[in-house]
Amino acid sequence: IYSAAIGCFIKAHELRPENIIVLDKLCHCYETIEDFLKAVDCSLKILKLKPKDLDATKRVAFNYFRAKNYPDSIKYYGHALEIDKNDYMSLNYLGCCHTKLKVYNKAAKYLNDSIEINPVYWGSWNNLGVLSFVQGHYPSAISSFERAISINAKIEEVYCNLGDTYKCQNNPIKAIDFYRTATEVDNNSVRGWYNIGLDWEEKQNYPQASSCFGKVIEVDNKNEDGWYHYGLCFEQLEKPDRAIECYIKVISVNPERQDLWSNIAKSYVGLEDYVKVMESYENYVAGKDKADELWLELGEFFEGRNEARQSIACYERGLQFNEKSSKVLYALGKAFDLIKKYLQAIECYKKLLQVTPNNVEILNRLANSYRSAEGYKTALQMYEKALNIDSKNQETLNNIGINYNLMKEYDKAISYFDKVLSINPANDEALNNIGEVYLSQKKYTEAVNYYNKALKINPKNILVLNNLGKVHYLKKELNNALAVYQSVVEINSNSYD
């Protein structure tokens, strides 16, 4: 119980400030809880009492190194060499500090000096390998790591370094072999298990991957990357409750990972807890720019799952941040169309036209919604506006034809489809629509003629094939109808019609 121990040692130090043993124990406690700067303070107090103490000097330097304060680490390792110029460990760490600071020439000199004094210290060879690795000199790195292993074959760090090197050389098989060896040498090798987990994850073997990441967090409960990938695996294994636990743990370890509230929200979707979905996504959006687009993103996620009502709730939340967002208004209009709430869709497209008044696509969508709501005359007015902007727009001409067909003005309908074909003779949609006009009039022979013309252009047009099957069915040509419907299923086994 280090917090209690620290309190006791601080009290003892207040009573006996000159007691080096107390300061040493206090330093050890701070090192254990990884409060390295407080550990430095303890060692500096020891140095005041024993100014030339080599161990205390090196301890100050080492804790500065662990705190990533490399300039001060260099300073105190330099003091250590003033006390003992042959201290190979100080030379080794001076090499490490200069590697971290990317002063590679000095790093190489210190590491080689360390090896010259003690050629059988594995750490200097390993760090020389790291120096080669960060410079992209992979063969030299491998040679140094292998030398380190020949001296001491029980250091998992070196095997992991070899794994990293072979991974950079695009040799994943050898890399995994070394990561596995690392876990055999030390069953608590976080780097070894993590990289093996990544390999299984890449191969989409999520049970094996999750087992590896589970080992990572068992050894290091604050390993952010381990928890994150553990969560990803549970997502793929369709265990959203476990995924949520992992992502929340990542955020507790690193509060800056607020982006994971998006993952948490989508995991709650799997639990069908839509209140938690929205609460989690509120956390994700909080304080971010373009919040409307972030809600659009979640809405599109629901749309992909065919959950229109949930997508609408997200789009409406997005509009609370930016009521003129063209992207959100467009998506919301589409979603209302999907659930046949055409009047609400119409309102969205009207607002959108205030933002982009001459948008032919939006005019068509607005007209289509009016048409679906059986407001055929208003729909025609919107189509005419679109046509005034672009007189040769094939989508608009097709839509006008469809509108006239629904109004049972068949000659006018065909005249607009003919206009499309005069612009683009290969427009299979227009040919299908003429077939629909004849089908509406029960002129089956003419309908079949146009459906076949459309199929010559696009043999896999499911809409046309379904219409052709319908004609055969209405003519009681059941074998022909069945053959056509079977061809549709072969093209798309999910075709509901």
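Axes are lines fitted to C-alpha atoms, for helices over the stretch in contact, and angles run from 0 to 180 degrees between N-to-C directions. Helices (H or I, at least four residues) and strands (E, at least two) are DSSP runs, numbered from the N terminus. The model is predicted: local features need pLDDT of at least 70, side-chain atom pairs count only at pLDDT 80 or more, and totals for chains, interfaces and linings use all residues. Residues are numbered from 1 along each chain as its sequence is written, and side-chain values use heavy atoms, with hydrogens and water left out.

**Exercise 1.** Determine how the axes of α3 and α4 are oriented, and state which residues meet.

*Solution.* 
Step 1. Two packed helices are described by the angle between their axes and the distance between the axes.
Step 2. For helix α3 (residues 36-49) and α4, the axes come within 9 Å and cross at roughly 165 degrees.
Step 3. Therefore α3 is roughly antiparallel to α4. Angles under 35 degrees count as roughly parallel, over 145 as roughly antiparallel, 65 to 115 as roughly perpendicular and the rest as oblique.
Step 4. In contact (heavy atoms within 4.5 Å), F36, L37, A39, V40, S43, L44, I46 and L47 of α3 meet A56, T57, R59, V60, N63, Y64 and R66 of α4.
Step 5. These contact residues divide into 10 nonpolar, 3 polar and 2 charged. Here Ala, Val, Leu, Ile, Met, Phe, Trp, Tyr, Cys and Pro count as nonpolar, Asp, Glu, Lys and Arg as charged, and the others, Gly among them, as polar.

**Exercise 2.** Describe how α28 packs against α26 and against α29.

*Solution.* 
Step 1. The axes of α26 (residues 428-440) and α28 (residues 462-474) come within 10 Å, crossing at roughly 20 degrees. The two helices are therefore roughly parallel.
Step 2. N432, E436 and L439 in α26 meet residues of α28, among them L463, V464 and N467. By class, the contact of α26 with α28 has 5 nonpolar, 2 polar and 2 charged residues.
Step 3. The axes of α28 and α29 (residues 478-491) come within 7 Å and cross at roughly 160 degrees, so α28 is roughly antiparallel to α29.
Step 4. Residues of α28, including I462, L465 and Y473, meet residues of α29, including L478, V484 and I491. This contact divides into 10 nonpolar, 5 polar and 1 charged residues.

**Exercise 3.** Which residues lie nearest the centre of the largest pocket, and which element gives the largest share of its lining?

*Solution.* 
Step 1. On a 1 Å grid over the protein atoms alone, a cavity is a set of points where a 1.4 Å probe fits but cannot get out, and a pocket is an open set with protein on both sides within 12 Å along at least five of seven lines; lining residues have an atom within 4 Å of a point.
Step 2. The lining of the largest pocket holds 28 residues, and F65, K100, N127, E157 and R191 lie nearest its centre.
Step 3. Two or more lining residues come from each of α4 (54-66), α6 (88-100), α8 (122-134), α10 (156-168) and α12 (190-202). The largest share, 7 residues, belongs to α8.
Step 4. By class, the lining of the largest pocket has 14 nonpolar, 6 polar and 8 charged residues.
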